[in-house]
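Colleague: I've got the model open and I'd like to learn how to read its strands and helices. Could you walk me through it?

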Amino acid sequence: MVAGCSFTSGDDGAIDGDPGDCVVVEASVSSEKIQLMIELAEEFNRSDAEVDGDCIFVRPQSKASGLGAQLLAEGWNEATEGPRPVIWSPASSAWGAVLNQRLADIGSAPLVGEGSPFMVTPLVIAMPQPMAEALGWPEAEIGWSDIFDLATDSTGWSAYGHPEWGDFRLGKTNPNFSTSGLSALIAQTYAAAEKTEGLSSEDLDRTAVVEFGSGVESAVVHYGDTTLTFMNNWFKADQRGAALGYVAAAAVEEKSVIDYNRGDPDGKLEPGEEPRPPRVPLVAVYPSEGTLYSDNPLFIVDGEWVDDSQRLAAQQFIDFLQLTENQQKVLEFGFRPGNPAVPIAAPISPELGVDPNQPSTLLEVPDPAVMTGLLDLWQEQRKGARVTLLLDVSGSMGDLGDAETGETKLDLAKRAIAESLDEFAADDQLSLVTFTDDGISADATVVEVVPMGPARSTVGQIESALPGLVPQAGT
C-alpha cells in the first residue's frame, strides 16, 4: 500500500477511500471495462509510482461513452455526475471526434488528442446461428447490403425458405449514447456510399445513401439504450425458446457475442450467479463492406481542471495499462489486446461464435464534422417512436428528493421529463399519463393528461401541464 492513501472497491463500481497526499487521477471509463479498470487501478495504486515524490491515486468511475462526450461538451456537473475526468476512456475514438466537433461548433478548443488504445473489439452483426446459416454463413460474405435487401423485401424470410420466421427484424442501439450504435451508423453509411475511407458530408446528401440508411432503419424493432440491456433481453427471449422471434440480427461488438455464448449476456455475473449457455447460440457476422474497432482509447483530457502533475500521473497509469501482463488480462473479458505486440488468444475463438482472423477490412473513422452530420441525419432516418411518459404523482412523491436543492421527488421527475422533450422528433408519437390512488382502495387512478399525438403538438402541451402536477393523497 502506498503511504498516505487507502482505498477499497465500493458497491457502486468505484474505488472508495482517502487518497491522502497522492496526486489524484480521476478516470471516467465506459461500463464494459469498469471492472477490469478498477482491478488494474487498485494494483497500480499499490505500486511505487510517483510524481515528484508524491504517490499516485487513480480512481475510475463508470460513465457511458455518449454521455461522457455530452457532459464534456456541455458542462460536467460534479454534484450529479461525479468528478470531472483527467483520463477519459470511451469505448471508441469516434467519441473523441464527436466531442471535439461539438466544442468547435461553439467556438471552444478541443479537449482530447490521439488516445492510446487499451483494448479493442470489432463491430459485428450478431445473428442466431440458424438465421445466419440461412444466409450462407460461414462461407458466404454477408454485409449491410444484405441487411438492406432483407429489410426492404416484403416477403421477409420467405425469400430464404423460412416463412415461419416472418419479417426481418433488426436491433440497434441509439448512436447518440451507444458505441455499437454509432459504429453501425458509420458502417452502414460507408456501405451505402461504397467506400471504406473518406466519407464526406457530400456523401451524406446523396439520395442513394439516404435511401439506404432509411431502408436499414425501417427494419429496426428495438433501439436499445445500451448493448448490455439489449443482450439481456435477447437472452431472456432465448430462455423462453423465442430467440428467433426477438430479432434476426443486431449490431453489437464481438465481445458481446462472446459473453452471450458464455451464458453471461451482460458481461457481469453477479456473486453466486452461474452462467447458462443459450439454447440458440449467436454467431458474429463481420460485414463484408468493412467494420470498425471499438478501441477504448485512453485520452488525457486537456481541461483547465487538469494540472501538470495529474497529466504526468495519468501517463504513468496509461503506460502501466500497456504492459504485456495487463494487456493479456483484457482477453479474459472477451476483448482483443490494444497493444498489437500481444497475441490474440482464447476466448476469441470459433467455439464462441467469433473469428480471430476477422475482420478483413477496416473502415476509417470519419472526420469530426461528418460524425456530427451522421448523428443529425440519423435523427431524420430513424424509425419513429411511440412513447408514453408515465409519471407517479402519489403522496410520497412530495418527499425530499435532493437535499442540496430542496427539490421533491416529483420536482426531479418533472425536470427529467422536461429535459427529455428535446430528444423527440416532430413526428414521434408522445403522451403524458399520471397515476396514483385515492389513499383508501388499492385501485390506481390513471389520468391521461396529454393524449397520444405527434410531438410537434404534444411537447408544448406537456410543458404546460407539468407545473400543475402536484403530489396527491394516495401512494
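Colleague: Which residue stands opposite valine 124 in strand 11?

Modeller: That's valine 252. Two strands pair if DSSP finds at least two bridges between them. Strand 8 (residues 119–128) and strand 11 (residues 249–253) run antiparallel, joined by four bridges.

Before we go on: this is a predicted model, so local features need pLDDT of at least 70 and side-chain atom pairs count only at pLDDT 80 or more, while totals for chains, interfaces and linings use all residues. Residues are numbered from 1 along each chain as its sequence is written, and side-chain values use heavy atoms, leaving out hydrogens and water.

Colleague: Which other strands does strand 8 pair with?

Modeller: Strand 12 (residues 282–285) pairs with strand 8 in the antiparallel sense over four bridges, and there proline 128 stands opposite leucine 282. Strand 13 (residues 293–294) is antiparallel to strand 8 too, with two bridges; proline 122 faces tyrosine 293 there. Then two bridges link strand 8 to strand 15 (residues 336–337), again antiparallel, with valine 120 partnered by arginine 336.

Colleague: Is strand 8 mostly covered or exposed?

Modeller: Mostly covered: ten of its ten residues are buried, where buried means under 20% relative accessible area with a 1.4 Å probe, counting protein chains only.

Colleague: How do I read two packed helices?

Modeller: You describe them by the angle between their axes and the distance between the axes. The axes are lines fitted to C-alpha atoms, for helices over the stretch in contact, and angles between N-to-C directions run from 0 to 180 degrees. Take helix 4 (residues 94–105) and helix 16 (residues 368–381): the angle is about 90°, and their axes are 8 Å apart. Helix 4 and helix 16 are therefore roughly perpendicular, a label for 65 to 115 degrees.

Colleague: Which residues make that contact?

Modeller: Helix 4 brings Ala94, Ala97, Val98, Gln101 and Arg102, and helix 16 brings Pro368, Ala369, Met371, Thr372 and Leu375. Contact means heavy atoms within 4.5 Å. By class, that's seven nonpolar, two polar and one charged. Ala, Val, Leu, Ile, Met, Phe, Trp, Tyr, Cys and Pro count as nonpolar, Asp, Glu, Lys and Arg as charged, and the others, Gly among them, as polar.

Colleague: At roughly what angle do helix 7 and helix 9 cross?

Modeller: Helix 7 (residues 179–193) and helix 9 (residues 207–217) cross at roughly 135°, with axes that come within 9 Å. The two are therefore oblique to each other. In their contact, Gln188, Thr189, Ala191, Ala192 and Ala193 of helix 7 meet Val209, Phe212, Gly213, Val216 and Glu217 of helix 9. Those residues divide into six nonpolar, three polar and one charged.

Colleague: What is the strand order in the open sheet of three strands?

Modeller: The order is 16-19-20, with mixed pairing. Strand 16 (386–392) and strand 20 (444–454) stand at the edges with a single partner strand each, so one side of each has no neighbour in the sheet. Strand 19 (residues 429–437) runs antiparallel to strand 20, with eight bridges between them; leucine 432 has valine 450 of strand 20 as its bridge partner. Helix 18 (residues 455–465) packs on the sheet, touching strand 16, strand 19 and strand 20.

Key. Buried means under 20% relative accessible area, exposed over 50%, partly exposed in between (1.4 Å probe, protein chains only). Angles under 35 degrees count as roughly parallel, over 145 as roughly antiparallel, 65 to 115 as roughly perpendicular and the rest as oblique.
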